[in-house]
Amino acid sequence: MRLPYPALIALLTALVALMFAASLLIGPAAIGLSDSLGALFRGEGEAVTLVMREVRLPRAILGLFVGGALGLSGAMMQGMLRNPLAEPGLIGTSASAALGAVIAIQTGLAAAFTLALPLAALAGAMVSVALILALAGPRGTTLVLILAGIGISAMAGALTSLVLNLSPNPFAASEIMFWIMGSLADRSMVHVTLALPFMVLGIALALPVARGLDALTLGEDAAASMGVRVGRLRVLLVVSAAALVGGATAVAGAIGFVGLVVPHLLRRAVGARPALLLPASALGGSAMVLAADIAVRLIAPDRDLKLGVLTALVGAPFFLHLILRSRKEVL
Amino acid sequence: MNLLETRDLGVSRGPCPVLHGITLRVAPGEFVGLLGPNGAGKTTFLRAALGLIASSGQSSLASLPQGERARAASFLPQGREIAWPMPVEAVVALGRTAHPSATRATDRAAVERALARMGLEALRHRSATELSGGEQARTLIARALAQEAPLLLADEPTAGLDPAAQIAVMETFADLAAAGGAVIASLHDLGLAARHCTRLILLHRGTLAADGPPRAVLTPDNLARVFGIRARLEDTSDGLVFQPLGRIAP
């Protein structure tokens, strides 16, 4: 028997809260429980307060945001395209955000001031949204949207490779490589402030139209005949996903597989209803990224294992397992 | 009061018209069979009448605001698409999307009526994607019924169903019409259409070739001209019986 939906949401919220707390309490600087809480809430102990408030808190908040954004946008894309293999990167936003960041690193802007990199990544994301809306706006079809997304991703990927290819500076090239792998290390509250409006915008655009996603289960004609404005729904979801993914990529780089695997994991638990999957998937994404970010700190504390590498390493075999299981169900 | 009224309805794909000059009225109590060979414009007519595609001329449904239209007519598209393994009950409840301001109790009562009407109570918790084709068709019809619109437009609702399921679908539609609603269903099985529909509309190359009671539409001349077949149509003690006999060389 399936868990009732409110219980599932409560469980996932508890899991996120647990992971968030663990993310605050686990790190290379061995700080006791009472010391860390005292520092976090009351500012006791100068060095410890600095670690807690300036290092671990932004990292944990960003884990919450980035995971939630990836989980939510993944569930949105799968619901909109009616395809369990859709993922947030499909509309080309993450590749374009990465291109923006790479250009910022290559031109030295990123070294000149801290926010140059995330701002350039956001600019890249916005260009991709403008492009995709121009190519597959309210009157475009889902197929045009997918093809436009693939085209934009390929173009951004090619330009990123070009920058790497022509890079005269091996340090910039390796910095680019590491940035693309995705990480939450060494982020500050400034990054949190930067990402916040995009997360809020993404959620505000998506949740009011969620019920339309349910109707879309029966196809676009059926949904339209039930009163859903399909073209408007598509535009709102694309802009929302772009805001979420653009914001997440700008502050954390490319973190793969979360947006693909989390909706998969939770689909059965919500009775496969796309609208109910959105909040569940957002919470699940937060829990997964927070857990992965704790894992990179525990597995190789001194090697700076990248978050995106770990999520892909764990996510890919898990995904294959899911495919194997669904194949058995079909047979 | 007509449930659908079209005047000179037409659709063009590029420069070539795929549907033109369709003028008709559908009143409560009618079960209309929409006939015609592949490519005659049956699906195009249904979609244009609903305002799902751009058209010329007028359709009383297409000119309604989208929310109101969803309460005036429900639509069963041709492809029986159910993208996610949702429980049958939840799929049927999707029909209530058309009633955003209805109370939860009203929604639930409508869903229960639709489930009961299609005999789906025992399947209500089953995953809709795991059902047989006939059960999926019943689920989707129940979804359209839960929308509780007076007019139902169905695109090839009997395709791919076994004989008993086909007859069950036709009887359900006939009941809906008898209860004061109206159904327009595109059909390829002329025998089913002859037996169950109160009226037939024959489309030929995007135009209205014939419109009237089954006997008046399924004439040897119409069958030869539109379908290129000859057939036997007989009033028997079991009602109207239609059997295609062979092709006529063009």
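Predicted model: local features only at pLDDT ≥ 70, side-chain atom pairs only at ≥ 80, totals over all residues.
Residues are numbered from 1 along each chain as its sequence is written, chains are lettered from A in the order in which they are written, and side-chain values use heavy atoms, without hydrogens and water.

Start where the chains meet. Contact (heavy atoms within 4.5 Å) involves 26 residues from chain A and 26 residues from chain B. By class, the chain A side has nine nonpolar, eight polar and nine charged residues.

Salt bridges (a side-chain nitrogen of Lys or Arg within 4 Å of a carboxyl oxygen of Asp or Glu) number two between chain A and chain B. B:Glu81 pairs with A:Arg82 in a salt bridge, with 2.8 Å between the closest N and O atoms.

Now turn to the pockets. A pocket is an open set of points on a 1 Å grid over the protein atoms alone, where a 1.4 Å probe fits, with protein on both sides within 12 Å along at least five of seven lines; lining residues have an atom within 4 Å of a point. The largest pocket is lined by 48 residues. A:Arg273 and B:Pro87 are among those nearest its centre. Its lining has 24 nonpolar, seven polar and 17 charged residues.

The second largest pocket has 30 lining residues, with A:Glu220, A:Asp221, B:Arg47, B:Leu52 and B:Ile53 closest to its centre. Here the lining has eleven nonpolar, eight polar and eleven charged residues.

Notes: Nonpolar A, V, L, I, M, F, W, Y, C, P; charged D, E, K, R; others polar.
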